[in-house]
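I opened the model to look up helix packing and aromatic ring pairs. My entries follow in the order of the look-ups.

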Amino acid sequence: ALPRQDSLGNFAHFLECKDTFFFDSYRLFLKTLSYISKNFYRDMTNTTSSAQKFWALDWIESLFEGTNIASSIVDTITFVAACFILLFLAWVVNWVCNKVILKAIMKGIRHTSTKWDDRLEERKFFSRATKLIPIIIILMFVKTIFSGYNEQTLKICDIILWSILTFMLVRTICSFLDATNDIYESRMPEQTIKGYIQSAKIILYIIGGILVFMLIFDKHPQD
């Protein structure tokens, strides 16, 4: 029984050392992540002194002039304000697209005798297509709202927005392909092109993934 007790003791000691190792590794990971996030956030909120800021952000900064609030806190407030302005612009454009443009399209579809537009509506093609408009509008105004911030901030905003636009565009095209398959099968039920449609959708997602990869790592086809 003694050898068994020794083996159990060694195993318990191994587990204790293993837990200590994982705990130390986890603590080191958290410290590293905290350091990276702090430096990343500092770089994001830094501004360039030579460039003119967006007028709303200048007005917000003027409210803190003559106060004892640290400049880093003011930079954080203006950065958050810029994000809120951008999100509010996206919300307004999205509301207009849903309540005005999409409703007008749906109303027009109900008054037509054709079936292809009904298939597009069922596959949410129009809904997804109108959601592309807010992203495009944001891309047009992001450099204006974030004017005065460093190039890294603008680059990160571009990467995020272009990645979202790419993903939503792929989904919109896939909806169109699904509607095309529905129309084809309704006219020719004895034949199917579903396999070709699925293959095309896979290729689209692969191309979209490659484009997002190129955006994130700043790669070009000729590199």
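Before looking at handedness I noted the convention: a crossing is left-handed if the near helix is turned anticlockwise from the far one by less than a right angle, and right-handed if clockwise. Helices themselves are DSSP runs of H or I with at least four residues, numbered from the N terminus.

I noted that this is a predicted model, in which local features need pLDDT of at least 70 and side-chain atom pairs count only at pLDDT 80 or more, while totals for chains, interfaces and linings use all residues. Residues are numbered from 1 along each chain as its sequence is written, and side-chain values use heavy atoms, with hydrogens and water left out.

**Entry: H3 and H6**

I looked up helix H3 (residues 71-110) against helix H6 (residues 132-145) and found an angle of about 155° with the axes 9 Å apart. H3 is therefore roughly antiparallel to H6 (angles under 35 degrees count as roughly parallel, over 145 as roughly antiparallel, 65 to 115 as roughly perpendicular and the rest as oblique). Axes are lines fitted to C-alpha atoms, for helices over the stretch in contact, and angles run from 0 to 180 degrees between N-to-C directions. The crossing of H3 and H6 is right-handed.

I then listed the contact (heavy atoms within 4.5 Å): H3 contributes residues including Ala 82, Leu 86, Asn 94 and Ile 101, and H6 residues including Ile 133, Pro 134, Phe 141 and Ile 145. By class I find 15 nonpolar, one polar and no charged residues between H3 and H6. Ala, Val, Leu, Ile, Met, Phe, Trp, Tyr, Cys and Pro count as nonpolar, Asp, Glu, Lys and Arg as charged, and the others, Gly among them, as polar.

**Entry: H7 and H8**

I find that helix H7 (residues 151-187) and helix H8 (residues 194-216) cross at roughly 175°, with axes that come within 10 Å. This makes H7 roughly antiparallel to H8. Their contact has 15 nonpolar, four polar and five charged residues.

**Entry: aromatic pairs**

I find five aromatic pairs in the structure. Rings of Phe, Tyr and Trp (its six-membered ring) pair if their centres lie within 6.5 Å; planes under 30 degrees apart count as stacked, over 60 as edge-to-face and the rest as tilted. Phe 88 and Trp 91 are stacked, at 6.1 Å centre to centre and 25° between the planes. Both residues lie in helix H3, three residues apart, and both are exposed (buried is under 20% relative accessible area, exposed over 50%, partly exposed in between, with a 1.4 Å probe and protein chains only).

The Phe 213 and Phe 217 ring centres are 4.7 Å apart with planes at 45°, so that pair is tilted. Phe 213 is partly exposed at 46%, and Phe 217 is partly exposed at 49%. I also noted a cluster of Phe 125, Phe 126 and Phe 176, linked by ring pairs.

Note on methods:
Helices (H or I, at least four residues) and strands (E, at least two) are DSSP runs, numbered from the N terminus.
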